[in-house]
Amino acid sequence: MDSSRSAQRAVIKLLLAEGEHASQIYRRMKEVCGEQCLARCTIFRWYQCYEAGLVNIKDLPHPGKAHVVTNSATTSAVDELMRQNRQIITREIAVELSISKGTVHHIIQKKLGYGKVCAQWVPKHLSGYQRTVRMGVCLTQQFLHWSHPLASYALGSVYQCQ
């Protein structure tokens with residue numbers, strides 16, 4: 001006998017229709033299925049469900065955390081949105097692509113390897129050239145910031161507070 005759960009449920013439903021009691025069904029199924037037989041309490045629970053009028057013998061979907069399922073199309077769509085706007089937030093991506101925020105986060109962090117730096121998504125692993133360019137930009141911005149006349153005034157007031 002096929003010992004799958006749905007096959008055993010079908011047997012429970014058939015024997016119920018023949019007028020067997022739940023304990024008799026369990027005994028008969030234990031003889032035929034052996035170790036693969038459903039537990040006694042499970043057989044009784046299904047017996048009650050079928051007695052109450054349940055028709056389906058297959059598993060129904062259960063609530064809870066869904067598996068994160070991503071495909072290459074979704075991953076490339078997220079990547080494209082992030083390349084268009086480095087300051088985009090996960091909620092906006094989720095709404096745009098009609099997927100959950102958790103899935104978006106999984107794609108960004110695990111699949112694409114991006115991290116958030118100064119409110120912008122950037123790749124975590126930079127090549128040597130990318131590091132050099134990034135350092136040049138940072139040093140230029142820092143120089144411009146410190147050379148501004150208001151910056152020296154603000155810096156002086158910070159030093160006075162300490």
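Modeller: Of the 162 residues in the chain, 24% are buried, where buried means under 20% relative accessible area, exposed over 50%, and partly exposed in between (1.4 Å probe, protein chains only). The model is predicted, so local features need pLDDT of at least 70 and side-chain atom pairs count only at pLDDT 80 or more, while totals for chains, interfaces and linings use all residues. Residues are numbered from 1 along each chain as its sequence is written, and side-chain values use heavy atoms, with hydrogens and water left out.

The chain comprises eight helices and two strands; these are DSSP runs (helices H or I, at least four residues; strands E, at least two) numbered from the N terminus. Their order along the sequence is α-α-α-α-α-α-β-β-α-α. Where contact means heavy atoms within 4.5 Å, 49% of the contacts between residues at least 6 apart in sequence join residues at least 24 apart.

Leu112 counts as partly exposed because its relative accessibility is 25%. Beyond its neighbours within four places in sequence, Leu112 is in contact with Thr75, Val78, Asp79, Met82 and Ile107.

Asp79 is part of helix 4. With a relative accessibility of 15%, Asp79 counts as buried.

Thr74, Thr75, Val78 and Met82 in helix 4 meet Ile107, Ile108 and Lys111 in helix 6. The axes of helix 4 (residues 72-84) and helix 6 come within 10 Å and cross at roughly 85°; axes are lines fitted to C-alpha atoms, for helices over the stretch in contact, and angles run from 0 to 180 degrees between N-to-C directions. Helix 4 and helix 6 are therefore roughly perpendicular to each other, given that angles under 35 degrees count as roughly parallel, over 145 as roughly antiparallel, 65 to 115 as roughly perpendicular and the rest as oblique.
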